Amino acid sequence: MFLNNKAKYSTEGTTSASSSEKQDNSSNQNKESSEVQGASSLSEEGAKIVALEAECATAQAKLLETHDRMLRIAADFENTRKRMEKEKADTRIYAIQEFAKDLLPVIDAFDKAMLAIENSQINFETEEGKKVAGIVEGVQLVSKVFQDTVKKHGIERLPGKDAPFNPSYHNAIAKVVDASYTQETVIDEFMAGYKIGDRILRTAMVRVGAPD
């Protein structure tokens, strides 16, 4: 009887130990399963983060590309606007270019009249001189108004006497060699030159003094 009880206790102890081992194995398996699931979850989260970072980088690249494109469009627009404004101004100025050329003989006539008045030996204190003085004053006034008007429309006289010689402005029809000149200089102007805007209407006919 004693042996049977002992065997019983032995069997129960073995069974209990076996059950405990099974529980431990099950616990370890559950733990390993949880760890595997946790690792899998972390791996998925990491993949999502990497994917989001890639999408963010792509979006930033597209944003920079769009920004650069908008800057180029804005620059092109500004250049086009400036070009159109210049073309508009040029059209306004140069539309009267041919008309301005036709005005040059009139300007020359006024210049000759003014030169003749300056070189005249008229005594404006005499009775006859006083009559002429009124005419002279009228011519001077008309000349000034005319010069102001053509200047208003962009017609300007080119540098003349005492100006450095410039082949773009001057047509030298005579030359005087003199060592006193340090550079080629206009010493006489036979016909004035004019320009409208940046375009030459007529070069000046001049005599030039040169050091050699």
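**Reading a polar contact and its surroundings**

Modeller: Begin with the side chains of Arg 202 and Asp 108, which are joined by a polar contact of 2.9 Å. A polar contact is a pair of N or O atoms within 3.5 Å; within protein, one must be able to donate a hydrogen and the other to accept it, and residues adjacent in sequence count only if both atoms are side-chain atoms. This is a predicted model, in which local features need pLDDT of at least 70 and side-chain atom pairs count only at pLDDT 80 or more, while totals for chains, interfaces and linings use all residues. Residues are numbered from 1 along each chain as its sequence is written, and side-chain values use heavy atoms, with hydrogens and water left out.

Colleague: In which elements do Arg 202 and Asp 108 lie?

Modeller: Helices (H or I, at least four residues) and strands (E, at least two) are DSSP runs, numbered from the N terminus. Arg 202 belongs to strand 5, residues 199–202, and Asp 108 to helix 2, residues 97–119.

Colleague: Is Arg 202 buried or exposed?

Modeller: Buried means under 20% relative accessible area, exposed over 50%, and partly exposed in between (1.4 Å probe, protein chains only). Arg 202 has 18% relative accessibility, so it counts as buried. Asp 108, at 15%, is also buried.

Colleague: What else does the side chain of Arg 202 approach?

Modeller: One of its polar atoms lies 2.7 Å from the backbone oxygen of Ala 192. Contact means heavy atoms within 4.5 Å. Leaving aside neighbours within four places in sequence, Arg 202 is in contact with residues including Leu 104, Leu 158 and Tyr 194.

Colleague: Where does Thr 203 lie?

Modeller: Thr 203 is in the loop between strand 5 and strand 6 (204–210). With a relative accessible area of 29%, Thr 203 is partly exposed. Its C-alpha atom is separated by 8.5 Å from that of Met 191, twelve residues apart along the chain.

Colleague: What is the relative accessible area of Asp 162?

Modeller: The value is 61%, so Asp 162 is exposed.
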